[in-house]
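User: Could you walk me through a few of the labels used for this protein?

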Amino acid sequence: MALYPIALRLEGRRCLVVGGGRVAERKIAALLDAAADVVVVAPEITPALRELATQGRIALHEREVLAGDVIGATLVIAATDIPQVNETVWQASRAAGVLINTVDVPSHCDFYTPAVVRRAPVTVSISTDGHSPGLSAWLRRHLEAALPARLGELAETLGELRAQVGRMILERTERAAFWNQVVDD
C-alpha cells in the first residue's frame, strides 16, 4: 500500500501519547520539536518525562488511559509495552477518526514516524512504510554524513531571494531553469 507523505504542522495542536517509557520519550521529543501541545497518559513515567511535566512542557495524567482521552487530539501515539492497552487506544482512535500510530504494530498505524535529517529549514525524512526502522536509521546516518552542514543556510538565503526573483523573472519555466542553475552551482 502506498502512503501519502506529508510534513504536518502541529504547532499548538493537541497530540496524545499513551505510555511513559523510553519509546514515549522519543516520540514526545519529536512532537515538542514540532511545537505540539503534548498530553501524556501513563500510570508510570520516566524521570525525564516527569521533568518535562514539571517544566510545563507536557500535560501529564498519571493514570490508565480512557477511551475518551483520544477525543480532540490531532494524532495519537500508543507507546506502551502492553498490547491490550495499545489495542484499546487504537480502537478508540479509529472510532473517533483520530490518526494513530501504534508503535511496533504497523497494521495499527495510520502513519509512521520517519527517520529524519534536519538542516533547518531543510528536513529530509526517510520511511520504509513501517517495514524496517533499522534500514531507515541506516539511511538517515548516511544522509546526515552526505548533506552539507550549511544546507539550511542555503535554503534560507534562497527563500529570501524568492520574491525578488519572482518579480524579475515572470515566466514560470524560465524561473524554474534559473533556480535549477543556482542550486546546481
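**Labels and their cut-offs**

User: Why is Asp-129 called partly exposed?

Analyst: Asp-129 has a relative accessibility of 28%; buried means under 20% relative accessible area, exposed over 50%, and partly exposed in between, with a 1.4 Å probe and protein chains only. Its value lies between those cut-offs, so Asp-129 counts as partly exposed. A word on the source: this is a predicted model, where local features need pLDDT of at least 70 and side-chain atom pairs count only at pLDDT 80 or more, while totals for chains, interfaces and linings use all residues. Residues are numbered from 1 along each chain as its sequence is written, and side-chain values use heavy atoms, leaving out hydrogens and water.

User: And what makes Asp-104 exposed?

Analyst: Asp-104 has a relative accessible area of 73%, which is over 50%, so Asp-104 is exposed. Asp-104 also has a positive phi of about 65° although it is not a glycine.

User: How do you know that E6 and E7 pair?

Analyst: Strands are DSSP runs of E with at least two residues, numbered from the N terminus, and two strands pair if DSSP finds at least two bridges between them. E6 (residues 115-119) and E7 (residues 122-126) have 5 bridges in the antiparallel sense, so the two strands pair. Together E6 and E7 form a hairpin with 2 residues between them, and Arg-119 stands opposite Val-122 in E7.

User: Which residues does a cis peptide bond join?

Analyst: Ala-120 and Pro-121, with omega about 10°. Pro-121 sits in the loop between E6 and E7. Most peptide bonds are trans.

Definitions and conventions. Helices (H or I, at least four residues) and strands (E, at least two) are DSSP runs, numbered from the N terminus.
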